[in-house]
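Biologist: Could you take me through the charged and aromatic side chains here, with the criterion behind each label?

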Amino acid sequence: MQKRYSEQSLNISKSDSLLLQWNPSKELPLIYYYMSISSALPNSRVTWTLNCVPPDIDGAPRSGGWGGWGPWQCSVPCGGGSGIRYRKCDHPKPNIFGAACDGSNSQVGRCNTFKCGEISPYTSQLIRASLKREARTIFLTEANNLSIACDMNLIRRIANESPTADFEWNKNGFRLGHRVDIQDLRDADFTWNLTRVHVQDSGVYTCLVFPDTAETRKVLSVVSVTVTSATRTFTKRVGDRWKLVCNSGVSRLFPS
């Protein structure tokens with residue numbers, strides 16, 4: 001015996017044969033339903049029961065709203081093609097008394113119109129969302145170790161769209177080490193490791209990608225690192241001259 005239930009229908013079947021079908025309407029919704037079905041077998045009798053209590057049966061009606069469009073399912077990866085994309089009626093999802101979303105959940109049209117070798121608009125959108133979500137500040141004292149990682153999920157997406165892109169780490173706008181080819185990162189993490197950090201390691205570290213084309217570089221991740229020295233006590237006489245050094249780093253990668 002199999003049961004399939006949603007807020008729109010209830011189907012009960014046995015051995016691919018439909019035993020019961022219920023399609024509630026706004027005037028007669030399936031708010032609560034209890035039943036017992038018996039099946040006679042050669043040597044016994046099987047009883048199957050069902051008790052449906054749909055969610056959101058209390059409170060005022062809540063109509064549905066469309067969520068954002070998902071990525072295109074396109075005929076070509078770049079250069080312009082045709083395809084389809086979908087959206088869900090879950091922003092919010094209607095309750096049992098609310099109205100469903102108006103319009104279609106799918107859209108057909110031109111897609112992936114960006115040049116081959118460029119990063120797609122959808123991936124660029126994911127990068128911006130990641131920067132807002134993942135940008136962070138790390139505080140640590142001298143002599144500790146630190147490993148800063150770039151988002152490998154984004155790197156793998158970029159590898160499919162811009163197969164010869166390069167990546168690099170920057171500190172305060174200056175490159176660290178050498179650029180790395182994207183093919184060398186498919187099965188490895190792209191991290192910058194600091195061993196026994198010093199105060200001079202403080203700064204803003206950024207992971208950058210340089211696409212195949214002349215497209216402007218993109219920032220994939222930003223980490224601000226602040227290293228403090230151990231507490232020290234100084235004794236000076238009145239009239240002695242001494243100097244305090246403040247270590248800081250400023251990044252101007254993003255306009256305010």
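Modeller: Glu 168, Arg 175 and Arg 179 are joined in a network of salt bridges. This is a predicted model, where local features need pLDDT of at least 70 and side-chain atom pairs count only at pLDDT 80 or more, while totals for chains, interfaces and linings use all residues. Residues are numbered from 1 along each chain as its sequence is written, and side-chain values use heavy atoms, leaving out hydrogens and water.

Biologist: What makes the contact of Glu 168 and Arg 179 a salt bridge?

Modeller: The term asks for a side-chain nitrogen of Lys or Arg within 4 Å of a carboxyl oxygen of Asp or Glu. For Glu 168 and Arg 179 the N to O distance is 2.9 Å, so the pair meets that rule. Glu 168 belongs to strand β11 (residues 166–171) and Arg 179 to strand β12 (residues 174–181), so the pair ties together parts that are 11 residues apart in sequence. Strands (E, at least two residues) and helices (H or I, at least four) are DSSP runs, numbered from the N terminus. Arg 175 also meets Glu 168, at 3.7 Å from N to O.

Biologist: Why is Glu 168 called buried?

Modeller: Buried means under 20% relative accessible area, exposed over 50%, and partly exposed in between (1.4 Å probe, protein chains only). Glu 168 has 4%, so the label is buried. Arg 179, at 36%, counts as partly exposed.

Biologist: How do you know that the charged end of Arg 179 sits over the ring of Phe 210?

Modeller: The label requires NZ of Lys or CZ of Arg within 6 Å of the ring centre and within 35 degrees of the ring normal. The charged end of Arg 179 is 3.6 Å from the centre of the Phe 210 ring. Arg 87 likewise has its charged end over a ring, that of Trp 66, 4.1 Å from the centre.

Biologist: What about Arg 157 and Glu 161: what makes them a salt bridge?

Modeller: Their N to O distance is 3.9 Å, so the pair passes the salt-bridge rule. Both lie in helix α2 (residues 152–161), 4 residues apart, about one turn of the helix. Arg 157 is partly exposed at 32%, whereas Glu 161 is buried at 15%. In total, the structure holds 4 salt bridges.

Biologist: On to the rings. Why is the pair of Phe 167 and Phe 190 called edge-to-face?

Modeller: Rings of Phe, Tyr and Trp (its six-membered ring) pair if their centres lie within 6.5 Å; planes under 30 degrees apart count as stacked, over 60 as edge-to-face and the rest as tilted. The count comes to 2 aromatic pairs. For Phe 167 and Phe 190, the centres are 6.2 Å apart and the planes stand at 65°, so the pair is edge-to-face. Phe 167 lies in strand β11 and Phe 190 in the loop between β12 and β13 (191–194), so parts 23 residues apart in sequence are tied together.

Biologist: And what makes the pair of Trp 169 and Phe 190 tilted?

Modeller: Trp 169 and Phe 190 have 5.8 Å centre to centre and 35° between the planes, so the angle falls into the remaining class, tilted. Ring pairs link Phe 167, Trp 169 and Phe 190 into a cluster.
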